[in-house]
Amino acid sequence: MEGVAMKLPCLNVLNHKHVGQSFATVPLGFRRFSSSAIAAPVPASLGHVVRRDFPILHQEVNGSSLVYMDNAATSQKPNAVLSALQNYYQNYNSNVHRGIHFLSAKATDEYELARKKVVDFVNASVPQEIVFTRNATEAINLVAHSWGRSNLKSGDEIVLTVAEHHSAIVPWQILAQETGAVLKFVGLTEEEVPDMEEMKGMISKKTKLVVIHHVSNTLGSVLPVDEITLWAHNVGAKVLVDACQSVPHMVVDVQNLNVDFLVASSHKMCGPTGVGFLYGKGELLSKMDPFLGGGEMIADVFLDHSTYADPPSRFEAGTPAIGEAIGLGAAIDYLSGIGMQHIHDYETELGKYLYENLCSIPGIRVYGPMPSQTVHRAALCSFNVENIHPTDIATILDQQHGVAIRSGHHCAQPLHRYLGVSASARASLYFYNTKEEVDIFIQALKETISFFS
Ligand code: 7TS
């Protein structure tokens, strides 16, 4: 086996409370290791053990065993989630909040139970603080529309970083065009992490909103959200956190972080596509105007005007993604059964292994911070190889080796421009990936590079 031995100790950056543990939902293989998902040390074989829960991983692609490393784009789904979807559609498919018949009541109960699972997972205070949306993108647009339009005026500033995903930039550009608000972008340090000194200096009395990712989908860097929140609140600004790449991988506690809004997508955390969520502090959501108009978001409708329901219904117009929300609930049970701290610790180790092995290849440039005792980085690496286009790398890895990675700008074009490139290749891991898969990827990458040289 090639590669660099792991010397760095696993860095535990989280002190947050653990929520939503349930032995009944511990993945099958995992029970052999631990009857208490919280206390036991994380087994180095976690990836091997949980793989049996993911049928899609056991297939050949282009003549090789699939190695799936595109988890930042979307994650795979365990049997527990597939069964929850099947069970809903097969046994109690019905619309929610509107029928008195048995199936509708059951669907409503399960849909609201899924909301409660999200509440516990991110430690919101009450279900009214969790709005189901189509995805994280829609959740950000909801805040831009419903909070931004009534709270921003010409000259107000929104502070972001150059490393935001397009979904956390474009809605604010649209809002800025409408209101005259100004977007201000924090750059990167030499270590290629968003510059916190610059951000601290940029947040001023003019700042009304700070929009930040928690974990970058390209750099793998992790932002000190709790500190940023303090700076923002000191000047009366609100904070929206794009937690798409953190909620699936680590304990995220909205009360500890004291954020005002937080968004995530189900499909990146073992759940189905078509559903995501917005967390918003109760006092903010209750004052916000609706996003979309239609059924279920109203109190009363007259011919000339309407009154609106309280949150979360006010923001869930029309028939929601019922089965998908229930599937998300099953995904949360599954993740909680393993334990988010276990997932985080396992991925930290695996991510370092990936990073160090990649860095040992001559001619490669890996973006983002070097992991150390004080710098945590997520288990993903965006990289370029001298004189080879990342799309060629991704194509050959797929066609010759069955290795799935992403190439392109990862919906972070401003960041790629900032780094002086138009695209990169990206391998992004999840807890069902293994060191052996990293070895296969590294070997395949070396062969791909020698093919071009
Ligand atoms: N924010 C971040 C940090 C993301 O990584 C993504 C998706 C989104 C927002 C948008 O999520 P959506 O579910 O609303 O689409 N990121 C990626 C990616 O890195 N590759 O494909 C999608």
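1. Helices (H or I, at least four residues) and strands (E, at least two) are DSSP runs, numbered from the N terminus, and two strands pair if DSSP finds at least two bridges between them.

2. This is a predicted model, in which local features need pLDDT of at least 70 and side-chain atom pairs count only at pLDDT 80 or more, while totals for chains, interfaces and linings use all residues. Residues are numbered from 1 along each chain as its sequence is written, and side-chain values use heavy atoms, with hydrogens and water left out.

3. Strand 10 (residues 276–280) also runs antiparallel to strand 9 (residues 261–265), to which five bridges join it, and Phe 261 has Gly 280 as its bridge partner there.

4. Five of the five residues of strand 10 are buried (under 20% relative accessible area, with a 1.4 Å probe and protein chains only). Gly 276, Leu 278 and Gly 280 point one way, whereas Phe 277 and Tyr 279 point the other way.

5. The buried residues of helix 2 are Val 81, Ala 84, Leu 85, Tyr 88 and Tyr 92. Because they cover an arc of only 110° around the axis (taken from the directions from the helix axis to the C-beta atoms), they lie on the same side of helix 2. These buried residues pack against helix 3 (102–122) and helix 10 (322–338), where contact means heavy atoms within 4.5 Å.

Conventions: Buried < 20%, exposed > 50% of the residue type's maximum accessible area, 1.4 Å probe, protein only.
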